[in-house]
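Open your viewer and get ready to click along. We will go from one selection to the next and see what sits there.

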Amino acid sequence: MKISKEVYNKLLNNSITTKQNKYKNKKVQYDEMTFDSKKEYSYYLKYKLMEQAGEIKDLKMQVPFTLIETFKLQDKTYRKTIYKADFTYYDKQGKYHVIDVKSKATRTQVYKLKKKLMAWKYGIEIEEV
């Protein structure tokens, strides 16, 4: 069966479903990187400039911290629990900073629990911006 290009495109477009972001933020593409929000992107630019100016060093993005290791209980395996920091860096005094770009909507119960686990396990207070 042959169909016209117009009909094909219409069918193709109707089959694509777009999912609205859970927190209504818009992803940003920059320099082959994807940021979860415009706010996260703007903080990346700020921290990059601070690093270039020598105010901070060793800027990293999406740094994983294992909060609970994988474990087995009876016949069930529980996967490890990870917290991913949006940014980490060291300031001039050598203090390690863990940064999470947050809005009110993203301060979920799960995030709050992970924040407590970070403080308990690593002695690190997550800084929210």
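Select Tyr-44 to begin: with a relative accessible area of 8%, this residue is buried (buried means under 20% relative accessible area, exposed over 50%, partly exposed in between, with a 1.4 Å probe and protein chains only). You are looking at a predicted model, where local features need pLDDT of at least 70, side-chain atom pairs count only at pLDDT 80 or more, and totals for chains, interfaces and linings use all residues. Residues are numbered from 1 along each chain as its sequence is written, and side-chain values use heavy atoms, leaving out hydrogens and water.

What kind of aromatic pair do Phe-35 and Tyr-44 form? The pair is tilted, at 5.0 Å centre to centre and 40° between the planes. Rings of Phe, Tyr and Trp (its six-membered ring) pair if their centres lie within 6.5 Å; planes under 30 degrees apart are stacked, over 60 edge-to-face, and the rest tilted. Now show Tyr-30 and Tyr-41 too: ring pairs link them with Phe-35 and Tyr-44 into a cluster.

Move on to Tyr-47 and Phe-87, both buried. Their ring centres are 5.3 Å apart with the planes at 65°, so this pair is edge-to-face.

Finally, click Ser-37, which is buried too, with a relative accessible area of 13%. Look around Ser-37 for Asn-25, Lys-26 and Val-28, which it touches, leaving aside residues up to four places away in sequence (contact means heavy atoms within 4.5 Å).
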